[in-house]
Amino acid sequence: MSKVIEMKDIVKKFYIGQPNELEILHGINLTVEEGEFVSIVGASGSGKSTLMNIIGVLDRATSGYYNLAGLNVEEAKDSELSQIRNKKIGFVFQSFNLIPRSNAQKNVELPMIYGRMSRNDRRERSMELLKLVEMDDRANHQPNELSGGQKQRVAIARAMANDPDIILADEPTGALDSKTGRVVMDLFHKLNEQEKKTIILITHNQELADETGRVLTMKDGILEE
Ligand SMILES: Nc1ncnc2c1ncn2[C@@H]1O[C@H](COP(=O)(O)OP(=O)(O)OP(=O)(O)O)[C@@H](O)[C@H]1O
């Protein structure tokens, strides 16, 4: 197995107007191996999403070392970061973030358009992914015609669009009842076991966290094993 994520002494400060700054992450050390399923739990405001944004290179750390799939992030240009984000990472959010006036299939196709895939290939792959999440019978439905759990399954299919190595899921079951959350969680297990995806899951649900290979706890900006 090889490391896909390696972080050393990651610090994140937010500048909230001179001279005030707020240090949120106080030196995070994290290594994730290919194929792991890791969960991060912790109180509200402890810094989980801030860390997730840095892992997903949506944001940069203030200081520290971060290597993502062989790329040294602090030295990389923004264009390299967008590229690695698009190719290597699939994001899943609590609020689904689907495009309202596009049907399920178009939503899944969207990242492939940025990935410059041909129209036919996009249609074929998006249907395959909708099958994987058992939503192919809802391909023509718009998000407002889907239940919460169905929306999340479409969002997971979209996260898989460019066949990423890593899936980052920030409270993916947070807006779902426990039964629907179970279906979504089973899907993550399937992507981890069958599709060999590395998964990092943020959750408030300790029971769901305990099902993953490794549970990390964020406490006031410090990550504990
Ligand atoms: N852009 C920002 N500017 C200033 N402070 C921020 C910014 N983003 C986050 N914070 C602060 O960082 C802290 C951690 O926020 P974060 O969203 O990472 O917490 P969290 O653990 O994900 O919480 P939750 O479980 O409620 O989602 C909070 O105190 C928040 O106010």
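Author: Arginine 214 is buried: its relative accessible area is 17%, and the cut-off for counting as buried is under 20%. The model in which this holds is a predicted one. Arginine 214 lies in strand E9, which covers residues 214–219. When neighbours within four places in sequence are set aside, arginine 214 touches Thr31, Val32, Glu36, Phe37, Val38, Ser39 and Glu225.

The setting of this residue is the chain as a whole. The chain contains 7 helices and 10 strands. Its radius of gyration is 17 Å, close to the 17 Å that the globule rule gives for 225 residues, so the chain is as compact as a globular protein of that length. The C-alpha trace spans about 50 × 40 × 40 Å along the principal axes. Of the 225 residues, 48% count as buried, arginine 214 being one of the buried residues. Among contacts between residues at least 6 apart in sequence, 70% join residues at least 24 apart.

Burial is also a feature of helix H1, residues 48–55. H1 is mostly covered, with 6 of its 8 residues buried. The buried residues in H1 are Lys48, Thr50, Leu51, Met52, Ile54 and Ile55. After H1 comes valine 57, which has a positive phi, near 45°.

The helix pairs may now be taken in turn. Two packed helices are described by the angle between their axes and by the distance between those axes.

Helix H3 (residues 104–114) takes part in a packing with H4 and in another with H5. With helix H4 (residues 119–132), H3 packs at an angle of about 120°, the axes being 9 Å apart. H3 and H4 are therefore oblique to each other, and H3 passes H4 in a right-handed crossing. On the H3 side the contact is made by Ala104, Gln105, Val108, Glu109, Met112 and Ile113, and on the H4 side by Arg122, Arg123, Arg125, Ser126, Met127, Leu129 and Leu130. By class, this contact of H3 with H4 has 7 nonpolar, 2 polar and 4 charged residues.

With H5, the axis of H3 crosses at roughly 30°, and the two axes come within 8 Å. H3 and H5 are therefore roughly parallel to each other, since angles under 35 degrees count as roughly parallel. The crossing of H3 and H5 is right-handed. Ala104, Asn107, Val108 and Pro111 of H3 meet Val154, Ala157 and Arg158 of H5 in this contact. Its residues divide into 5 nonpolar, 1 polar and 1 charged.

H5 passes H6 in a right-handed crossing. H5 contributes Gly149, Gln152, Arg153 and Ile156 to the contact, while H6 contributes Thr180, Val183, Val184, Leu187, Phe188 and Leu191. The class count for H5 with H6 is 6 nonpolar, 3 polar and 1 charged residues.

Methods: Residues are numbered from 1 along each chain as its sequence is written. This is a predicted model: local features need pLDDT of at least 70, side-chain atom pairs count only at pLDDT 80 or more; totals for chains, interfaces and linings use all residues. Side-chain values use heavy atoms; hydrogens and water are left out. A crossing is left-handed if the near helix is turned anticlockwise from the far one by less than a right angle, and right-handed if clockwise. Helices (H or I, at least four residues) and strands (E, at least two) are DSSP runs, numbered from the N terminus. Contact means heavy atoms within 4.5 Å. Ala, Val, Leu, Ile, Met, Phe, Trp, Tyr, Cys and Pro count as nonpolar, Asp, Glu, Lys and Arg as charged, and the others, Gly among them, as polar. The radius of gyration is taken over C-alpha atoms; the globule rule is 2.2 Å times the number of residues to the power 0.38. Buried means under 20% relative accessible area, exposed over 50%, partly exposed in between (1.4 Å probe, protein chains only). Axes are lines fitted to C-alpha atoms, for helices over the stretch in contact, and angles run from 0 to 180 degrees between N-to-C directions. Angles under 35 degrees count as roughly parallel, over 145 as roughly antiparallel, 65 to 115 as roughly perpendicular and the rest as oblique.
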